[in-house]
Amino acid sequence: MSLKIFIAVILGVGTGYFFLPTEFSNNIGLIIDIGLMVLLFFVGIDIGKQKDILDKIKKLGFKVLLVPLAVIVGSVVGSMIIGLFLNMKINEAGAIGAGLGWYSLSSTILLSDGYVELSALAFLSNVFREIIALIFIPVVAKYIGKLESVSTAGATAMDTALPVISSSTDPQTSIIAFITGVICSTAVPIIVPIILKLPV
Amino acid sequence: MVTSLLKYLGILILGGIIGFKGKLSPKLEGKLNTIQTVCLLFLLFIMGITIGINDEIISNIFSIGLKAGIISVFTVGFSILFVHLVKKFIPMEEKEIES
């Protein structure tokens, strides 16, 4: 699966670079939206079929929320620490990590705040996060742990990474992944501006 | 972005309800995984295109990309670490699920 994902991305980059005019990017948003809707619809069916899982989740209770919380704190702390070594301002580095893999949103928030280069950095870094997550979810799930594999995805655990998580783990982890993705996605527009405003 | 979140959540819940009520034909049900994989690979192909089509990103890909790559590795690494630390507080009932 990881190899297929890697090939799909590389083929896309090649196609975009060599064959498509820049104007094509005007239509990409709609294509992604439609593709994502179809994908999410079928992922939804998959989750809905696991009827007894909902009861299990009720049993898990609020402690499940520790997963998205750990993902958010881990992402921000991780990017802040490496930011120090890269001679970046700690708040700007933290804001990149706070994108949680949602590259389009985090980069747009930063751009609207006037951070042009930081926006590009956030875009790429969060694209990479998504690619890293998609490639390594099966590996992390196998050798480290299922919940840890969810953590790699961040906000994308609810959409693009969800099919990979569900095929690499179990239905219960998939639901935790979705909960994690929803909470992370909700958190991105809140925490990126907050972390950016941190006094340093 | 709130609307897109609601939209995604809505379509997921819609699929969830259909799946929950078991209103799918067995034929389609057997193909769910294949459909998901095809959609995912298509989306990733499109994502690749958005990178490849943007000359600014491609020409600066090595300088910005290296920095971005290092940051993303640490972001993912610390996410794994922090989830690993809180993991013991989360009751996973794997055996019960599998039975």
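**Exercise 1. The bridge between the chains**

How many salt bridges does the rule find across the interface of chain A and chain B? Find the partners and describe the setting of each.

*Solution.* Keep in mind that this is a predicted model.

Step 1. Across this interface the rule finds one salt bridge.

Step 2. Its partners are E148(A) and K87(B), whose closest N and O atoms are 3.2 Å apart. A salt bridge requires such atoms to be within 4 Å, so the pair at 3.2 Å qualifies.

Step 3. Now place the two residues. The side chains of K87(B) and E148(A) meet in this bridge, and the pair crosses between chains: K87(B) sits in the loop between α5 (61-86) and α6 (94-98) of chain B, while E148(A) belongs to helix α8 of chain A.

Step 4. Compare their surroundings. E148(A) has a relative accessible area of 0%, so E148(A) is buried. K87(B) has a relative accessible area of 27% and is therefore partly exposed.

**Exercise 2. The interface as a whole**

*Solution.* Step 1. About 7600 Å² is buried between chain A and chain B, and 81% of that lies on carbon and sulfur atoms.

Step 1. Chain A brings 94 residues to the contact and chain B brings 67 residues.

Step 2. Next come the polar links: the rule finds nine residue pairs in polar contact across the interface, both residues being at pLDDT 80 or more.

Step 3. Which element gives the largest share of the side of chain A that touches chain B? Helix α2 (residues 25-49) of chain A does, with 19 residues.

Step 4. Sorted by class, that side of chain A has 58 nonpolar, 23 polar and 13 charged residues.

**Exercise 3. A bridge inside chain A**

The structure holds two salt bridges over all chains. Work out what the bridge between D170(A) and K146(A) ties together.

*Solution.* Step 1. In this bridge, the closest N and O atoms of D170(A) and K146(A) are 3.0 Å apart.

Step 1. D170(A) lies in the loop between α9 (162-168) and α10 of chain A, and K146(A) in helix α8 (residues 146-153), so the pair ties together parts 24 residues apart in sequence.

Step 2. Is D170(A) buried or exposed? With a relative accessible area of 10%, D170(A) is buried. K146(A), at 22%, is partly exposed.

**Exercise 4. The domains of chain B**

Name the domains of chain B and give the distance between their centres.

*Solution.* Step 1. Chain B is divided into domain 1 (1-25) and domain 2 (31-91).

Step 1. Taken over C-alpha atoms, the centres of domain 1 and domain 2 of chain B are separated by 24 Å.

Notes: Residues numbered from 1 in each chain as written. Chains lettered and ligands numbered in written order. Predicted model: local features only at pLDDT ≥ 70, side-chain atom pairs only at ≥ 80, totals over all residues. Heavy atoms only, no water. Contact = heavy atoms within 4.5 Å. Buried area = accessible area lost by both parts, 1.4 Å probe. Polar contact = N/O pair within 3.5 Å; in protein donor to acceptor, adjacent residues only side chain to side chain. Helix = DSSP H or I, 4+ residues; strand = E, 2+ residues; numbered from the N terminus. Nonpolar A, V, L, I, M, F, W, Y, C, P; charged D, E, K, R; others polar. Domains from an automatic or database assignment. Buried < 20%, exposed > 50% of the residue type's maximum accessible area, 1.4 Å probe, protein only.
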